[in-house]
Amino acid sequence: MNKLYYLSTCDTCKKIIKTWSPLKTIVLIDLKRNPINEVELNELYKLSKSYEIIFNKRALLFRDYKKKNPSPIEKDYKKLILTHYSYLKRPILIINDTLVAGNSEKSIKQGFEEIRKLI
(Lines give C-alpha, C1' and ligand atoms only; values in the text may rest on other atoms or scores of the structure.)
Protein backbone atom coordinates (compact mmCIF):
# COMPACT_ATOMS: atom_id res chain seq x y z
CA MET A 1 0.00 0.00 0.00
CA ASN A 2 1.25 3.48 -0.87
CA LYS A 3 1.33 5.78 2.17
CA LEU A 4 2.34 9.28 3.13
CA TYR A 5 3.01 9.97 6.81
CA TYR A 6 2.87 13.67 7.62
CA LEU A 7 1.89 16.20 10.26
CA SER A 8 -1.16 18.31 9.43
CA THR A 9 0.08 21.18 11.59
CA CYS A 10 3.49 21.32 9.88
CA ASP A 11 3.80 24.04 7.23
CA THR A 12 6.77 22.25 5.65
CA CYS A 13 4.72 19.04 5.26
CA LYS A 14 1.84 21.03 3.74
CA LYS A 15 4.19 22.68 1.25
CA ILE A 16 5.76 19.36 0.24
CA ILE A 17 2.38 17.65 -0.13
CA LYS A 18 1.22 20.51 -2.34
CA THR A 19 4.38 20.15 -4.45
CA TRP A 20 3.96 16.39 -4.74
CA SER A 21 0.21 16.49 -5.41
CA PRO A 22 -0.16 12.89 -4.25
CA LEU A 23 -2.63 10.73 -6.06
CA LYS A 24 -5.75 9.32 -4.45
CA THR A 25 -4.02 5.93 -4.46
CA ILE A 26 -1.71 7.19 -1.69
CA VAL A 27 -3.14 6.94 1.83
CA LEU A 28 -2.43 10.12 3.81
CA ILE A 29 -1.73 9.48 7.50
CA ASP A 30 -1.67 12.44 9.87
CA LEU A 31 0.71 11.42 12.66
CA LYS A 32 -0.88 13.77 15.16
CA ARG A 33 -4.31 12.17 14.74
CA ASN A 34 -3.03 8.65 14.08
CA PRO A 35 0.29 8.11 15.88
CA ILE A 36 2.46 5.44 14.35
CA ASN A 37 2.11 2.01 15.92
CA GLU A 38 4.64 -0.79 16.18
CA VAL A 39 3.32 -2.66 13.12
CA GLU A 40 3.63 0.46 10.93
CA LEU A 41 7.04 1.26 12.39
CA ASN A 42 8.23 -2.27 11.62
CA GLU A 43 7.06 -1.76 8.03
CA LEU A 44 9.16 1.41 7.81
CA TYR A 45 12.11 -0.43 9.33
CA LYS A 46 11.89 -3.22 6.74
CA LEU A 47 12.18 -0.64 3.98
CA SER A 48 14.82 1.59 5.59
CA LYS A 49 16.84 -1.11 7.41
CA SER A 50 17.40 1.43 10.19
CA TYR A 51 15.38 3.35 12.74
CA GLU A 52 17.99 6.08 12.68
CA ILE A 53 17.24 6.86 9.01
CA ILE A 54 13.60 7.64 9.84
CA PHE A 55 14.40 9.39 13.12
CA ASN A 56 14.07 13.17 13.42
CA LYS A 57 17.25 14.26 15.19
CA ARG A 58 16.06 17.86 15.10
CA ALA A 59 13.11 17.13 17.39
CA LEU A 60 13.12 19.44 20.39
CA LEU A 61 12.41 16.53 22.71
CA PHE A 62 15.52 14.77 21.42
CA ARG A 63 17.80 17.54 22.69
CA ASP A 64 16.84 16.79 26.28
CA TYR A 65 17.07 13.05 25.72
CA LYS A 66 20.53 13.36 24.19
CA LYS A 67 21.85 15.26 27.22
CA LYS A 68 21.16 12.19 29.33
CA ASN A 69 21.94 9.63 26.60
CA PRO A 70 24.68 11.07 24.37
CA SER A 71 25.05 7.94 22.20
CA PRO A 72 21.61 6.54 21.32
CA ILE A 73 21.42 3.18 19.56
CA GLU A 74 18.85 1.60 17.22
CA LYS A 75 16.57 0.31 19.99
CA ASP A 76 16.52 3.82 21.52
CA TYR A 77 15.37 5.32 18.23
CA LYS A 78 12.58 2.76 17.94
CA LYS A 79 11.41 3.35 21.51
CA LEU A 80 11.42 7.13 21.08
CA ILE A 81 9.52 7.06 17.77
CA LEU A 82 6.78 5.01 19.43
CA THR A 83 6.51 7.47 22.32
CA HIS A 84 5.95 10.70 20.37
CA TYR A 85 5.24 11.64 16.75
CA SER A 86 7.86 14.41 16.76
CA TYR A 87 10.62 11.79 16.77
CA LEU A 88 9.61 10.50 13.33
CA LYS A 89 11.15 12.25 10.36
CA ARG A 90 8.48 13.87 8.21
CA PRO A 91 7.08 13.46 5.68
CA ILE A 92 7.63 9.79 4.96
CA LEU A 93 6.44 8.48 1.63
CA ILE A 94 6.14 4.79 0.79
CA ILE A 95 5.50 3.87 -2.82
CA ASN A 96 5.94 0.33 -4.12
CA ASP A 97 8.43 -0.61 -1.37
CA THR A 98 10.44 2.57 -1.83
CA LEU A 99 10.76 4.76 1.23
CA VAL A 100 11.49 8.50 1.04
CA ALA A 101 11.96 10.27 4.38
CA GLY A 102 12.44 13.87 5.36
CA ASN A 103 12.25 17.32 3.87
CA SER A 104 15.65 17.76 2.26
CA GLU A 105 15.74 18.91 -1.36
CA LYS A 106 16.95 15.45 -2.36
CA SER A 107 14.04 13.75 -0.55
CA ILE A 108 11.47 16.14 -2.02
CA LYS A 109 12.79 15.50 -5.54
CA GLN A 110 12.90 11.73 -5.01
CA GLY A 111 9.35 11.73 -3.62
CA PHE A 112 8.11 13.73 -6.60
CA GLU A 113 9.78 11.26 -8.99
CA GLU A 114 8.29 8.24 -7.17
CA ILE A 115 4.79 9.72 -7.29
CA ARG A 116 5.13 10.49 -10.99
CA LYS A 117 6.04 6.83 -11.65
CA LEU A 118 2.50 5.94 -10.56
CA ILE A 119 0.94 8.00 -13.32
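1. Read along the sequence, the elements of the chain follow the order β-α-β-α-α-α-β-β-α. There are 5 helices and 4 strands, taken as DSSP runs numbered from the N terminus (helices H or I, at least four residues; strands E, at least two).

2. This is a predicted model, in which local features need pLDDT of at least 70 and side-chain atom pairs count only at pLDDT 80 or more, while totals for chains, interfaces and linings use all residues. Residues are numbered from 1 along each chain as its sequence is written, and side-chain values use heavy atoms, with hydrogens and water left out.

3. The radius of gyration of the chain is 14 Å, which agrees with the value near 14 Å for a compact globule of 119 residues. This radius is taken over C-alpha atoms, and the globule rule is 2.2 Å times the number of residues to the power 0.38. Along its principal axes, the C-alpha trace spans about 45 × 30 × 25 Å.

4. Of the 119 residues, 43% are buried, that is, under 20% relative accessible area (1.4 Å probe, protein chains only). Among contacts (heavy atoms within 4.5 Å) with a separation of 6 or more, 63% join residues 24 or more positions apart.

5. The cysteines deserve a separate remark. The count of disulfides, defined as pairs of cysteine sulfur atoms within 2.5 Å, is 0. The sulfur of C10 lies 3.6 Å from its closest cysteine sulfur, in C13, and this is too far for a bond. C10 counts as buried because its relative accessibility is 16%; C13 also counts as buried, at 0%.

Key:
Buried < 20%, exposed > 50% of the residue type's maximum accessible area, 1.4 Å probe, protein only.
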